[in-house]
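This report covers the contact between two chains, then the packing inside them.

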Amino acid sequence: MSVVAEFPDALSWLVDYLTPRLKVNGYPYVTVGDLYKGDSVEVWLQRDGGRVLDVARATASIRVNCFHDDPAEVDTLAQRVSTLMRLAPTENDVVLTVQQNAGPLFISGIKPQRYMLFDVTVAGASVSLV
Amino acid sequence: MVIKFKLDHAGLGAVLKSGAMAAAVQAAAKSKADEIRANCPVETGTLQASIHVEMTTTDRAKAQIVAATDYAAEVQSKTGFMSK
């Protein structure tokens, strides 16, 4: 039997982490996901790759796009997402570090949009394999 | 046994700003820029052709990979071509 660390899916973990926190912190109707839906208030997360650092840690590059129908609200939404992302390491044992590498940047498009890029380090959970 | 170690800050600073370090950083950045160019979405080729390396020296040799079009950020936000 071998005991090894298995890494969580950082993208789906972050979707599950952000969704309830945004809903209770100003955005009850927000859609958070890894597919763009075109909803009025939406946070779209995508993974751009990453690597295993050692036996216990892995990184993921996470691209985040925030959309809000109200141009006056899109910056606030992006700031709220940024704050929650940077708060993640203090709230659980899965996310070890979050580094914001870009944004929020203005993106011209059909809807008001802001773009951010994060490096997220996650901890593996030990599993026993036979 | 105790080994005393004293960091040579001035020496390290000189190494980080040296021509050899700049060349190594530039080579690594050019290699990454080639990779980004290869993965860049192409419609007219302008964005792909605009990708280049800019070298600067702060307290060390630094390289930046730049996509120099006004719509590069929009394409990056949708495709992640610079961060993949």
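## Interface and cores

In this predicted model, 9 residues of chain B are in contact (heavy atoms within 4.5 Å) with 11 residues of chain A. The area buried between the two chains, meaning the accessible area (1.4 Å probe) lost on putting them together, summed over both, is about 750 Å², and carbon and sulfur atoms give 48% of it. On the chain B side, B:Ser77, B:Lys78 and B:Ser83 lose the most area to chain A, together 53% of what that side buries.

The largest nonpolar core has 30 residues, with A:Leu18, A:Leu22 and A:Val43 among those having the most contacts inside it. Such a core is a set of buried Ala, Val, Leu, Ile, Met, Phe, Trp, Tyr and Cys residues joined through side-chain atoms within 4.5 Å; buried means under 20% relative accessible area (1.4 Å probe, protein chains only). Apart from it lies another core, which includes B:Ile36 and B:Phe81.

| Core | Residues in core |
|---|---|
| Largest, including A:Leu18 | 30 residues |
| Another, including B:Ile36 | 9 residues |

Helix H2 of chain A (a DSSP run of H or I, at least four residues) has buried residues including A:Val74, A:Leu77 and A:Val81. The buried residues of H2(A) pack against H1, S3, S4, S5 and S6 of chain A, where strands are DSSP runs of E, at least two residues.

Residues are numbered from 1 along each chain as written, and chains are lettered from A in the order written. Local features need pLDDT of at least 70 and side-chain atom pairs pLDDT 80 or more, while totals for chains, interfaces and linings use all residues; side-chain values use heavy atoms, without hydrogens and water.

Notes: Buried means under 20% relative accessible area, exposed over 50%, partly exposed in between (1.4 Å probe, protein chains only).
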